[in-house]
Amino acid sequence: MRTDSSPGNLPAREHLPAAAAGTPVLDVVIPVYNEEKDLQPCVVRLHEHLKRTFPYPFRITIADNASTDTTPQVSSRLAAQLPEVKAFRLEQKGRGRALRTVWSASDAPILAYMDVDLSTDLNALLPLVAPLISGHSDLAIGSRLARSSRVVRGAKREFISRSYNLILRGSLQARFSDAQCGFKAIRRDVAQVLLPLVEDTGWFFDTEMLVLAERAGLRIHEVPVDWVDDPDSTVHIVKTATDDLKGVWRVGKALATGSLPLDRLTRPFGDDPRDRDIEDVPKGLARQLVGFCVVGGLSTLFYLLLYSAFRTFGGSQTANALALLVSAIANTAANRRLTFGVRGRGGAVRHQAQGLVVFGIGLALTSGSLAALGAATSDPAHSTELAVLIAANLAATVLRFLLFRAWVFPDRREADARSTVVASNTPSAPVYATAQAAQHSGGPYAPLPQRRPEQPYPAPHDPTPYDPTPYDPTPYDPTLFRAGEAADGTWRDATMRLQPTRPYDTDPGDSR
């Protein structure tokens with residue numbers, strides 16, 4: 001599991017403005033491998049559907065990943081016949097590799113993919129991408145397991161699909177209902193941040209992407225679909241299931257150890273109502289109080305058990321100090337992860353040191369209470385000692401929460417607001433062209449124009465004039481251009497050979 005940092009926080013979601021002529025709003029990727037028989041009728045059917053029903057410019061991209069039959073020739077012929085169809089050729093297998101490569105090179109603000117067999121009814125395509133166009137959601141998936149979905153498939157595939165999703169829910173706490181449906185979409189700005197974190201290059205690619213997106217706090221929209229099983233599918237169920245289980249183990253281990261930098265993506269958008277400045281309502285206070293109370297209750301039980309165990313061979317002060325020390329270390333670690341959402345090992349030692357200072361204050365309160373009890377009676381009962389310690393710990397708990405919130409784990413968003421994260425051009429975090437770079441380069445993919453706030457959002461073919469001047473505060477850098485695009489902004493051929501986007505994509509051991 002990669003531990004490289006992401007390119008930075010995502011911008012606030014916005015409704016996509018109207019596209020300039022020739023600029024695709026949607027890029028539908030169809031990954032194929034040896035599909036010479038089904039490719040042409042399926043692409044023609046999809047093209048006709050989009051021409052008839054989709055109100056924005058679109059592109060269909062055939063991602064041929066190392067086909068050995070006549071699929072490349074069929075792809076080239078379709079690209080020559082239909083202007084909205086492009087063909088990409090990759091020399092290595094892997095659906096995830098094909099999707100990441102083409103999505104990284106695409107200039108469309110909405111990226112989608114579907115299986116070549118078109119098992120999913122195409123009427124669900126517009127509902128799939130509409131929440132992404134409006135800015136409501138970050139990713140969208142088709143679900144065959146929703147109550148209103150209508151699915152026709154055999155009992156074997158039904159059992160495997162439901163079992164797999166139960167495994168995801170039980171092991172990775174996934175809340176989305178269907179990870180394997182080949183009908184998904186994502187905003188390009190989200191893809192540029194998430195794709196460097198996704199390691200899998202095969203069938204587990206989209207599952208891993210969804211899990212990371214959900215853990216990062218991104219919004220996933222689900223669309224019930226009508227789906228008919230393809231009896232001629234070439235998917236090897238046993239091998240795919242084995243690889244998926246290996247992926248679940250790998251991602252679960254990375255999430256448990258905190259090796260993924262998902263904290264950089266948590267609550268990244270400026271349009272979250274929880275981020276608004278509301279007087280007299282501290283941010284995140286309710287959730288933190290609930291988490292702190294749960295951790296505190298468990299810590300108190302743990303402390304009392306330790307105290308009773310240590311009391312059997314030592315005095316009350318010694319037992320109290322030892323029990324409080326051990327429980328304080330566990331309490332700080334639990335609150336760090338569960339209550340205040342701090343992941344990874346960075347700052348863990350400092351947090352424990354600060355927690356020990358808080359522990360010292362709690363020790364003073366509880367030890368003082370025991371000393372006062374000893375002064376009041378020479379031989380207090382064990383139950384009386386426990387009652388006094390509970391009362392003293394309640395007071396120490398309130399003080400501990402205040403110190404944790406204000407000193408040990410302050411609100412990270414306030415610290416982040418004082419610093420700016422700048423994306424860097426590294427092998428693990430590719431740099432993409434800004435809107436100005438695309439415009440100044442003279443390429444065919446001009447940025448979508450920003451409309452003035454006072455102007456209404458017109459229909460896709462509304463001839464009403466508007467000010468096409470784009471606005472983007474990012475400084476123009478003419479040295480940046482999109483992956484897969486020539487430096488002069490042109491595409492040399494409808495069929496392009498793309499190089500692997502990651503060093504590990506050349507792994508000869510990958511048989512997919």
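**Parallel strands, a covered helix and an enclosed cavity**

Ala87 of strand E3 is the bridge partner of Ile62, a residue pair in the predicted model described here. Strand E2 comprises residues 58-65, and it runs parallel to E3, to which 6 bridges join it. Two strands are taken to pair if DSSP finds at least two bridges between them. Helices (H or I, at least four residues) and strands (E, at least two) are DSSP runs, numbered from the N terminus. Strand E3 spans residues 85-90, and it is largely enclosed by the rest of the structure because 5 of its 6 residues are buried. Buried denotes under 20% relative accessible area and exposed over 50%, with partly exposed in between (1.4 Å probe, protein chains only).

Residues are numbered from 1 along each chain as its sequence is written, and side-chain values use heavy atoms, with hydrogens and water left out. As the model is a predicted one, local features need pLDDT of at least 70 and side-chain atom pairs count only at pLDDT 80 or more, whereas totals for chains, interfaces and linings use all residues.

The protein has 14 helices and 10 strands, and 45% of its 512 residues count as buried. Among contacts with a separation of 6 or more, 79% involve residues 24 or more positions apart, contact being defined as heavy atoms within 4.5 Å.

Strand E1 (residues 26-32) is largely enclosed by the rest of the structure, since 7 of its 7 residues are buried. In a regular strand the side chains alternate between the two faces of the sheet. In E1, Leu26, Val28, Ile30 and Val32 point one way, while Asp27, Val29 and Pro31 point the other way, and all are buried. E1 pairs with E2 in the parallel sense over 7 bridges, with Pro31 opposite Ala63 of E2. Together with helix H1 (residues 39-53), E1 and E2 form a right-handed β-α-β unit. E1 also runs parallel to strand E4 (residues 110-114), to which 4 bridges join it; Val29 has Tyr113 of E4 as its bridge partner.

Most residues other than glycine have a negative phi, and most peptide bonds are trans. Ala66, which is not a glycine, has a positive phi near 70°. Ala66 is located in the loop between E2 and H2 and, with a relative accessibility of 13%, counts as buried. Leu118, likewise not a glycine, has a positive phi of about 50°. This residue belongs to the loop between E4 and helix H4 (125-134), and Leu118 counts as buried at 7% relative accessibility.

Helix H7 (residues 205-215) is mostly covered, with 10 of its 11 residues buried. The buried residues include Phe205, Met209, Leu212 and Ala213, as well as Asp206, Glu208 and Glu214. Gly217, whose phi is positive, near 90°, follows H7. Ala213 and Val193 are separated by 20 residues in sequence and by 10.0 Å in space, C-alpha to C-alpha. Val193 is part of helix H6 (residues 188-194) and counts as buried, at 7% relative accessibility.

H11 provides the largest share, 6 residues. The lining divides into 8 nonpolar, 11 polar and 1 charged residues, where Ala, Val, Leu, Ile, Met, Phe, Trp, Tyr, Cys and Pro count as nonpolar, Asp, Glu, Lys and Arg as charged, and the others, Gly among them, as polar. Helix H11 also contains Gln354, which counts as buried at 12% relative accessibility. Apart from its neighbours within four places in sequence, Gln354 is in contact with Trp407 and Val408.

Notes. A crossover is right-handed if, with the strands pointing away from the viewer, the path from the first strand over the helix to the second runs clockwise.
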